Amino acid sequence: MSRLAVDVARLPVARKPALASGVALGYLSVIVLIPLAALAAEGAHGGWHHFWQVAWNPESKAALELTFGLAGAVVAINSVTGTALAWTLVRDSFPGKQLVNALIDLPFALPTIVAGLTLLALYGPSGAIGVNIAYTRLGVLAALLFVTLPFVVRTVQPVLLELDHEMEEAAASLGANRVTIFRRIVFPHLLPALLSGVALAFARAIGEFGAVILISGNLPFKTEVASLYVFQRLDSGDTSGAAALALLMLVVSFVVLLGIGGLRRWATRRDRQS
Amino acid sequence: MRRPVLLLAVLAVLAAVPAATAARQGTNLSVVGYSIPTSVFPKLEAAYGNGVTFSNSFAASEVQSKAVAAGLPANVVNFSITTDMDRLVQSKLVDRTWASNNKYHGIVSKSVVVFVLRNGNPKHIRTWDDLVKPGVDVVFPNPFSSGGARWDVMAAYGSQLREGKTPKQARAYLTQLFRHNVSQDTSGRNALNTFLSGKGDVLLDYESDAKLAQSQGKPVVYLIPKATLQIETPVAAVNGSNKVEAQKFVNWLYTPAAQTIWAQNGFRPVDVNVLRKFKAQFPPRPQLFKIGYVGGWDSVNTQFFDPTNGIVARIEQGLGVSTGG
Amino acid sequence: MIVRASSLAYLTGILVAPVGLIFWRAFEHGLEPFWHAVSNPTATAALKLTLEVTAITVPLNTGFGILCALAIVRHRIPGMGLVNAIVDLPLALSPVVVGLALYLLYARDGWFAGLPFRVLFAVPGIVLATMFVSLPFVVREVVPVLREIGTEQEQAAATLGASAFTTFRRITFPAIRWAVAYGVVLTTARCLGEFGAVSIVSGGLAGRTQVLTQYVQASYENFDQTGAYAASVLLAALAILTLAATTVVRRGDRSS
């Protein structure tokens, strides 16, 4: 194929690892790594003891509990609704299906502050249907469900599309009902994709800010989630308190990312085996 | 190859538009203020004219003060309490003489602490004692970011002294008040929004904010308690570029024309002639007192609002509401 | 079918009805109030700033993104896996964490405090925050394509004497152009909609450092619901345009 001796100086950029990698690393450092390092330094300065003192006061503890609790609820709900939506889009046909499919991506494109405002318009104090969930946990939950809507749908959809109907048809012909077919044949195939979507939704729900800021009212111990707490601490001039919790959130995000990566590798291994 | 390039070209053109029109004619002054005068400054600025354009930013007083100290560009600042102005004097952003070289000691508008209530006042709240009755939820902002909250707290404290209570009893009252507090918004305006969204039975707020809510058709009424604190909000020009223009604007804010606009928008004017014309809107109160009555801001800030040892910080820690810095 | 009915009902309740209501409310009193709300100086300044920041961020993140993708896929040194993770990080990070990190870095007592130009409370800070949050999109779209096409054609070009730039222009880029286009569209959408990180670093000076998303919040909090809804509709329209653009790109990709 190629000549064995290739003049390195004449290699295209794609083959000059040093230049491309150097520039890429420099760019990533300035934009991402150095700011995060500054955050880590501020959050961790004073040592472990100081970090816990600052990050573990009653209000921040409540914020974290609320955040994780809501994220868990979001994940549970999205598992069901996301799969149902993906199923509807793949297996069903009805007028306007293309439009519905396109709409799923709307939360990806819509600014978060607008998302929160739309929910407030419909379900808030001057809402059109008389329901007022502003300043309640339900309101925060609704906002989180809005922004995480596409995740599970979009990870499950391709798997459903590729799914071979043969096994389902075989099971049906043997007398299995639809629920059993779903539970024992379809669902195991969906599991890695579902978990991927769930992990993405979880990460997003933990960090969401713009969608919840208007509808939550930022009531400590009631509707103050972690991102709002960090913002409020910064506003009060308590940068070290803000940084400590932000550092915690950074670590959680990183762990979730590693989890998603692991899930992807598991999924590819399963695909290769089957 | 063409379509992505086309997209980039469109974006580039869109960027050129603001760049081309960005050449600003005349001076642009940036006004940084506390959260309440959001709607009055555009009117003042429109009346001022003089070919000056303005950029405004309004948020909680202490937040804004710290932001300016941290580099937020500002030409004119209007805070809720003089402490937030002193912070800028310390960083040399505002002259030490900002108050002394001015007939009104740098105070451009006044107000009073009022009770904002639901239409019909279903819980019949009339006095400071009513606030701490069982079942009453009180809304006021976070004293560690909002100047308004500090006025509210000191109004509560001072009202007890006015009624003849001892400082110890007044402090006990404050503990009760915080126990009835159901929200800790960053700013006065945010607290109003919380109240308007249905939270709480009574809101402690500036009279000017209450008037604005009413003029916006919100279903609230307000009541000025017999004993209440006079709010005095300072304004100053910030050192730096455009200081001369900024000072001219600040000086103009005291003129009868400007004071009339303040008054028309719910703020008590400092010009006594203008105040006389609007006296129906701004009734005097029999037991009105000023911050000096409870010791002046310097002493009050140390005694009450020190983030670790202040009276309020200790009350909040005792109640498990952590907002001390 | 019950699955269809319930899932569509959910979609309507959570997404379609709220967004539809905003459009309704914005135009409820006619076109005139809507136009007045979006054409006042503060709103137009916010829109201009948003477009400006987007126009700066998108080309930067596209160019650097392609370089990152090349480095990740073509590089043999271990540790590029970590780079991959760093590129993905902005997708999982809360915007307030991003904003706070930048704030700490460029504040008066931060590591980068001594720069000759103002970063915080000014346009550079907004650009940096927007670049951070929109960083992954181009990279993530381009990496799988680069992996798929392999290096054979590029190696062939090298042996035939093509310069690095020529190889990139005539072999690599045509292969990745739809991935780049898709990444550009996603990046643009992210830039237009950024709120949290910008809220922390920009100071929100109306008319100067306030982007359109901040204008929505400020209007709402100052009882100007019409203004908030109008600006929201503007942003929603841009979002829908972005969705349409992704459909176009996907079709173009499939047809080439």
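Two residues are in contact if their C-beta atoms, placed from the backbone, lie within 7 Å. Keep that cut-off in mind for the views below, which come from a predicted model.

**View 1. Chain C meets chain A.** By the contact rule, 76 residues of chain C touch 75 residues of chain A. If you look for the element of chain C that gives the most to this side, it is helix α1, residues 2-27, with 16 residues. By class, the side of chain C that touches chain A has 54 nonpolar, 17 polar and five charged residues.

**View 2. Chain A meets chain B.** Here 16 residues of chain A are in contact with 20 residues of chain B. On the chain A side, α3 (58-91) and α11 (226-235) each supply at least two residues. The classes on that side of chain A are six nonpolar, seven polar and three charged residues.

**View 3. Helices α7 and α9 of chain C packed against each other.** Helix α7 (residues 136-149) and helix α9 (residues 164-193) of chain C pack at an angle of about 165 degrees, and their axes are 7 Å apart. Because of that angle, α7(C) is roughly antiparallel to α9(C). Their crossing is right-handed. Residues to pick out on α7(C) include C:Phe137, C:Val138, C:Val142 and C:Ile149, while those of α9(C) include C:Ala175, C:Ile176, C:Tyr182, C:Gly183 and C:Arg190. Sorted by class, the contact of α7(C) with α9(C) has 13 nonpolar, two polar and two charged residues.

View 4. Chain A has twelve helices and zero strands, so its radius of gyration is worth a separate look: at 23 Å, it is well over the 19 Å that the globule rule gives for 274 residues, so chain A is more spread out than a compact globule. The C-alpha trace of chain A spans about 75 × 65 × 35 Å along its principal axes. Of its 274 residues, 50% count as buried. Among contacts in chain A between residues at least 6 apart in sequence, 77% join residues at least 24 apart.

**View 5. Chain B, with helices and strands together.** Chain B holds 14 helices and ten strands. Its radius of gyration is 22 Å, which agrees with the value near 20 Å that a compact globule of 325 residues would have. Along its principal axes, the C-alpha trace of chain B spans about 75 × 55 × 40 Å. In chain B, 49% of the 325 residues count as buried. Of the contacts in chain B with a separation of 6 or more, 71% come from residues 24 or more positions apart.

**View 6. Two loop residues of chain B with positive phi.** Most residues other than glycine have a negative phi. B:His124 is not a glycine, yet its phi is positive, about 50 degrees. You will find B:His124 in the loop between β4 (107-118) and α5 (128-131) of chain B. B:His124 has 10 other C-beta atoms within 10 Å, so it is exposed. B:Asn242, also a residue other than glycine, has a positive phi near 60 degrees. The loop that holds B:Asn242 runs between β8 (227-237) and α10 (243-252) of chain B. With 18 C-beta neighbours inside 10 Å, B:Asn242 counts as partly exposed.

Note on methods:
Residues numbered from 1 in each chain as written. Chains lettered and ligands numbered in written order. Predicted model: local features only at pLDDT ≥ 70, side-chain atom pairs only at ≥ 80, totals over all residues. Axes fitted to C-alpha atoms, helices over the stretch in contact; angles between N-to-C directions. Helix = DSSP H or I, 4+ residues; strand = E, 2+ residues; numbered from the N terminus. Parallel < 35°, antiparallel > 145°, perpendicular 65-115°, else oblique. Left-handed = near helix turned anticlockwise from the far one by under 90°. Nonpolar A, V, L, I, M, F, W, Y, C, P; charged D, E, K, R; others polar. Rg over C-alpha atoms; globule rule 2.2 N^0.38 Å. Buried ≥ 20, exposed ≤ 12 C-beta atoms within 10 Å, placed from the backbone.
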